[in-house]
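Biologist: Please take one part of this model and look at it closely, setting it against the chain as a whole. I would like the cut-offs stated as you go.

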Amino acid sequence: MTDSTLEQAYAECLALTRSHYENFPVASWLLPRALRRAVAVIYTFARQADDLADEGDLTPEARLAGLAALDAMLDAIEAGTPLMSPLG
């Protein structure tokens with residue numbers, strides 16, 4: 001992942017954090033600036049998992065497949081080979 005791609009990923013996480021209808025103020029001015037991007041990434045991951053579990057019209061099988069993809073992404077990060085989000 002290039003630096004520009006990483007910066008774009010951070011920007012997308014911050015945008016989701018600030019715009020999601022169930023958002024809590026994780027990127028608010030109350031957080032130290034140095035923590036905002038990291039907290040936005042964690043929030044984005046949790047938001048994706050929560051939305052997979054209970055939003056929209058996905059079948060139970062599609063929900064489980066999406067959650068399995070997120071689980072695989074965590075395994076890849078732990079192994080040192082992070083993947084792009086399977087959710088696009």
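Modeller: The accessible surface of the protein chain (Shrake-Rupley method, 1.4 Å probe) comes to about 6100 Å², with 64% of that belonging to carbon and sulfur atoms. This is a predicted model, in which local features need pLDDT of at least 70 and side-chain atom pairs count only at pLDDT 80 or more, while totals for chains, interfaces and linings use all residues. Residues are numbered from 1 along each chain as its sequence is written, and side-chain values use heavy atoms, with hydrogens and water left out.

Buried residues (under 20% relative accessible area, against over 50% for exposed and partly exposed in between; 1.4 Å probe, protein chains only) make up 22% of the 88 residues in the protein chain. Its secondary structure comes to three helices and zero strands, taken as DSSP runs (H or I, at least four residues, for helices; E, at least two, for strands) and numbered from the N terminus.

The part to examine is helix α1, which covers residues 3-19 and reaches 24 Å from its first C-alpha to its last, close to the 24 Å expected, that is, 1.5 Å times one less than its number of residues. Its buried residues are Cys 13, Leu 14 and Thr 17; seen down the axis of α1, they fall within an arc of 95°, so they line one face of the helix, the arc being that of the directions from the helix axis to the C-beta atoms. These buried residues pack against α2 (33-54), whereas the face of α1 turned away from its buried side carries the exposed residues Ser 4 and Ser 19.

Key
Contact = heavy atoms within 4.5 Å.
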